[in-house]
Amino acid sequence: MRRRRLLYAGVAAAAGLGGAGGAWWKFQPHAVDPGAQQALWGEAFTTPDGAALAMQSFRGKPLLLNFWATWCPPCIAELPMLNAFFRDNAVRGWQVLGLAVDQPSAVRTFLGRLPLDFPVGMAGLGGTDLSRALGNLTGGLPFTVVFSAGGQVLHRKMGQVTPQDLKQWAAVR
């Protein structure tokens, strides 16, 4: 009887470790597709109000790029932190861009309730493909990518950012 319990416990532990390892692998940012960084800088989006927003205009300074949606609770929870990061670090050259994987009408309504100081671009469903090309295999939200002033990917994070993440990223040049 004792031997059977040990066997069951061993099988359960192996299954748990396998599941945890699979989840860890699935939710970690993976390699950036070849050419994705260069292609990103050629992209153009529109703001929720229809104005043009060219990625090229963000080159030359560090950039925190955040993929989000109005229907994503962790996305909504982190937006005030990202806004504070932008306000605190803009004088040091930092830029923040939110790419909404959402409908323009939903984003306009949301921004009417919670205005943001940083620009927001409409990525639509194509934003999921773009985030995948930047290493977000699951296409989940929120997904954040930090670029150097030279346009290279420095950090990526799947899931909600933390104050510690922002503090670490602020030190990047």
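Helices α3 and α6 are roughly parallel to each other in this predicted model, because their angle of about 25 degrees falls under the 35 degrees cut-off. Helix α3 covers residues 73–89 and helix α6 covers residues 163–170. Their axes lie 11 Å apart. The crossing is right-handed. On the α3 side, the contact is made by M81, L82, F85 and N89. On the α6 side, P163, L166 and A170 take part. In soluble globular proteins, nonpolar side chains tend to be buried together.

Is L79 buried or exposed? L79 counts as buried, because its relative accessibility is 0% and the cut-off for buried is under 20%. Leaving out residues up to four places away in sequence, L79 touches N66, W68, F110, L114, L116 and F118. P115 is 36 residues from L79 along the chain, and the two C-alpha atoms are separated by 9.9 Å. R87 also has its place in helix α3. R87 is partly exposed, because its relative accessible area of 47% lies between the 20% and 50% cut-offs. The C-alpha atom of R87 is 8.4 Å from that of F118, a residue 31 positions away along the chain. F118 is also one of the residues that L79 touches.

Now step back to the whole chain. The protein has 6 helices and 7 strands. From the N terminus on, the elements run α-α-β-β-β-α-β-α-β-α-β-β-α. The protein has 173 residues, and 44% of them count as buried. How much of the contact in the protein comes from residues 24 or more positions apart? Such pairs account for 64% of the contacts with a separation of 6 or more.

The core comes next. The largest nonpolar core has 47 residues. Those with the most contacts inside it are L64, L65, F67 and L134. Take F67. Not counting residues up to four places away in sequence, F67 touches C75, L99, V101, G127, L130, S131, L134, L141, P142, F143 and V145.

Among those partners, G127, L130 and S131 are buried residues of α5. What covers the buried residues of α5? The cover includes α2 (36–41), β1 (44–46), β3 (63–68), β4 (95–100) and β6. Helix α5 itself spans residues 126–133. G135 follows α5 and has a positive phi, near 115 degrees.

The loops on either side of α5 deserve a look. G124 is found in the loop between β5 (120–122) and α5. Leaving aside neighbours within four places in sequence, G124 is in contact with A100, V101 and D102. G124 and A100 are 24 residues apart along the chain, and their C-alpha atoms are separated by 6.5 Å. P142 is found in the loop between α5 and β6 (143–147). Which residues does the cis peptide bond join here? The cis bond joins L141 and P142, with omega about -10 degrees. Most residues other than glycine have a negative phi, and most peptide bonds are trans. Both L141 and P142 are among the residues that F67 touches.

P34 lies in the loop between α1 (2–27) and α2. Is P34 buried or exposed? P34 counts as exposed, because its relative accessibility is 83% and the cut-off for exposed is over 50%. P34 and L134 are 100 residues apart in sequence, yet 9.3 Å apart in space, C-alpha to C-alpha. L134 is one of the residues with the most contacts inside the largest nonpolar core.

Terms used: Residues are numbered from 1 along each chain as its sequence is written. This is a predicted model: local features need pLDDT of at least 70, side-chain atom pairs count only at pLDDT 80 or more; totals for chains, interfaces and linings use all residues. Side-chain values use heavy atoms; hydrogens and water are left out. A nonpolar core is a set of buried Ala, Val, Leu, Ile, Met, Phe, Trp, Tyr and Cys residues joined through side-chain atoms within 4.5 Å. Buried means under 20% relative accessible area, exposed over 50%, partly exposed in between (1.4 Å probe, protein chains only). Contact means heavy atoms within 4.5 Å. Axes are lines fitted to C-alpha atoms, for helices over the stretch in contact, and angles run from 0 to 180 degrees between N-to-C directions. Helices (H or I, at least four residues) and strands (E, at least two) are DSSP runs, numbered from the N terminus. Angles under 35 degrees count as roughly parallel, over 145 as roughly antiparallel, 65 to 115 as roughly perpendicular and the rest as oblique. A crossing is left-handed if the near helix is turned anticlockwise from the far one by less than a right angle, and right-handed if clockwise.
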